[in-house]
Amino acid sequence: MKTNARTVALDTLMKVINQGSYSNISLNHALKAAKLPAEESRLATNLVYGTIQYQLYLEYQLRGLVKSRLKEAYLKPLLLMSAYQIFFLDKVPDRAVLDEANKLAKAYGRPKSNGFRLVNGILRALLRQGEVLPDPASGDYLSVKYSMPVWLSDYFTANWGRSRAEKIMASFNSKSKNEIRVSRLADEQRVVRDLKKAHFDPKESPLAADSYALSRGGIVMTDFFKDGEVTVQDEAASLVAEAFEFKGNEQALDACSAPGGKTIQLAEQLPNGRVTALDIHEKKLRLVKENAARMHVADRLRVKALDARKATEYFSAQEFDKILVDAPCSGLGLLRRKPEIRYTKTAADLENLAKIQLDILNEMAGLLKKGGELVYSTCSISVEENEENVRKFLAAHPDFALKPFKTAKISAPKGMLKILPDSYNSDGFFIAKFTTRG
Ligand SMILES: C[S@@+](CC[C@H](N)C(=O)[O-])C[C@H]1O[C@@H](n2cnc3c(N)ncnc32)[C@H](O)[C@@H]1O
């Protein structure tokens with residue numbers, strides 16, 4: 001069978017669903033090898049992310065219809081991918097979904113397999129059945145409706161109430177924006193004008209100073225990106241660096257820096273200063289260096305492979321004016337962009353990660369100059385990784401206090417800011433800013 005959007009999607013889904021591979025990495029490999037036209041690539045991407053996002057919901061729809069064990073590896077991914085199209089892709093007629101599934105089953109099935117008959121029978125039954133949901137009063141109603149494990153839909157409901165939890169979960173299932181940040185070293189107005197001319201139709205972010213949503217993807221293939229005038233970064237992630245107030249000559253430490261999105265932002269604001277970028281994984285620091293070179297800030301940067309929990313063994317007390325801890329986290333704010341996170345993370349992960357995050361934060365306390373600024377951020381919206389860690393850090397360090405901050409468009413009068421995904425249709429993020437007392 002000729003390679004097309006559906007073969008690329010099915011190959012990728014077989015890797016993700018059957019072998020636990022990461023969707024973004026598997027899909028990028030498959031797309032690179034396939035060299036599909038842009039329209040086909042978009043369809044393949046939609047099929048992969050949509051099917052994974054809605055996997056729990058789709059399994060529920062198919063539950064009563066699959067009567068025997070699905071022995072061949074392609075069967076489950078193909079049924080889920082077809083069900084996704086039936087329920088969520090209005091533009092693809094049901095007839096076409098069935099025809100395409102039939103062709104794929106014949107191509108992927110073993111010789112003499114009757115898998116295509118099985119697929120056809122199940123999909124026809126699914127069309128007759130339509131959507132099924134648990135009783136709205138039952139414990140798994142929201143879980144199935146929004147395709148989140150029960151612990152997660154319960155977690156959102158317990159923290160934000162049912163109505164907001166539904167908004168948060170619906171937002172996590174919506175399409176992510178094509179968000180970019182314009183370099184502070186570039187002429188922003190000119191770049192925006194040129195982006196318009198190139199039909200990217202940039203829309204200013206309501207959240208972050210230099211961020212814009214583009215009307216289409218593909219920016220990384222352009223000179224805007226290659227020449228370092230823009231970079232790809234979510235608007236909530238971009239906001240973190242805005243919590244600092246820079247003079248331009250400071251020594252900054254980025255404790256968890258790879259791939260370097262925020263390192264670059266700090267460096268852009270330090271024409272006469274320097275950023276020291278750490279990461280526990282030496283290999284990932286290559287990305288930080290490459291990104292810094294592309295964005296023209298390599299000369300303001302030094303990198304060091306180091307576990308940030310041991311940073312006081314390498315640096316002097318009070319060595320830094322600014323410290324950023326953009327900590328490793330559960331990624332609970334990124335469910336839209338990384339759809340499989342919802343199925344792989346557990347409540348125990350929140351506790352375990354919170355401990356690592358707090359250890360890193362505690363280690364930083366001794367490295368900050370008196371009156372310096374320490375910013376803590378995560379791309380998680382969990383309480384354990386954020387507010388609870390802030391509380392524990394302040395209890396352990398009475399000489400530190402939260403410091404109110406204002407960004408270009410948002411203010412955090414209490415020194416903490418939690419961006420929930422439904423407020424701006426951005427990633428979920430948490431930012432806290434500390435300084436020393438006295
Ligand atoms: C959320 S990511 C950082 C993203 C980055 N700040 C950016 O804006 O591009 C967290 C990073 O922390 C690193 N990391 C995990 N544990 C660490 C530790 N103990 N010390 C230093 N870095 C660590 C991970 O390898 C990962 O690259």
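1. The ligand is surrounded by 20 residues, the closest being Lys262, Asp279, Asp307, Ala308 and Asp326, where a residue counts as near if one of its heavy atoms lies within 4 Å of the molecule. By class, this shell divides into 10 nonpolar, 4 polar and 6 charged residues; here Ala, Val, Leu, Ile, Met, Phe, Trp, Tyr, Cys and Pro count as nonpolar, Asp, Glu, Lys and Arg as charged, and the others, Gly among them, as polar.

2. On provenance, this is a predicted model, in which local features need pLDDT of at least 70 and side-chain atom pairs count only at pLDDT 80 or more, while totals for chains, interfaces and linings use all residues. Residues are numbered from 1 along each chain as its sequence is written, and side-chain values use heavy atoms, with hydrogens and water left out.

3. A backbone N or O atom of Pro259 is 3.5 Å from a ligand oxygen, and for a backbone N or O atom of Gly260 the distance to a ligand oxygen is 3.1 Å. From the side chain of Lys284, an N or O atom comes to 2.9 Å of an oxygen atom of the ligand. Taken alone the ligand exposes 600 Å², of which the protein buries 87%, with areas from the Shrake-Rupley method and a 1.4 Å probe (for residues, only the protein chains shown count as cover).

4. Lys262 also belongs to the buried residues of helix α13, together with Thr263, Ile264, Gln265, Leu266, Ala267 and Glu268. The helix spans residues 261-268 and is mostly covered, with 7 of its 8 residues buried, where buried means under 20% relative accessible area, exposed over 50%, and partly exposed in between (1.4 Å probe, protein chains only). Helices (H or I, at least four residues) and strands (E, at least two) are DSSP runs, numbered from the N terminus.

5. A search of the whole structure finds 1 cavity of 30 Å³ or more; on a 1 Å grid over the protein atoms alone, a cavity is a set of points where a 1.4 Å probe fits but cannot get out, a pocket is an open set with protein on both sides within 12 Å along at least five of seven lines, and lining residues have an atom within 4 Å of a point. The largest cavity has a volume of about 40 Å³, and its lining consists of Arg184, Asp210, Ala241, Glu242, Gln265, Glu268 and Gln269, or 1 nonpolar, 2 polar and 4 charged residues.

6. The second largest pocket has a volume of about 170 Å³, and its lining has no nonpolar, 2 polar and 9 charged residues. Strand β9 gives the largest share of that lining, 5 residues. Gly372 is one of the lining residues, and its backbone oxygen lies 2.6 Å from a polar side-chain atom of Thr435. Thr435 itself is found in strand β14 (residues 429-436) and is buried, with a relative accessible area of 14%.

7. Two loop residues complete the note. Asp234, between β4 and α12, is buried at 8% relative accessibility, and its side chain makes a polar contact of 2.8 Å with that of Arg337. Phe315, in the loop between β7 and β8, is buried at 9%.

Technical notes:
Points joined across faces, edges and corners; volume = space filled by probe spheres on them. Polar contact = N/O pair within 3.5 Å; in protein donor to acceptor, adjacent residues only side chain to side chain.
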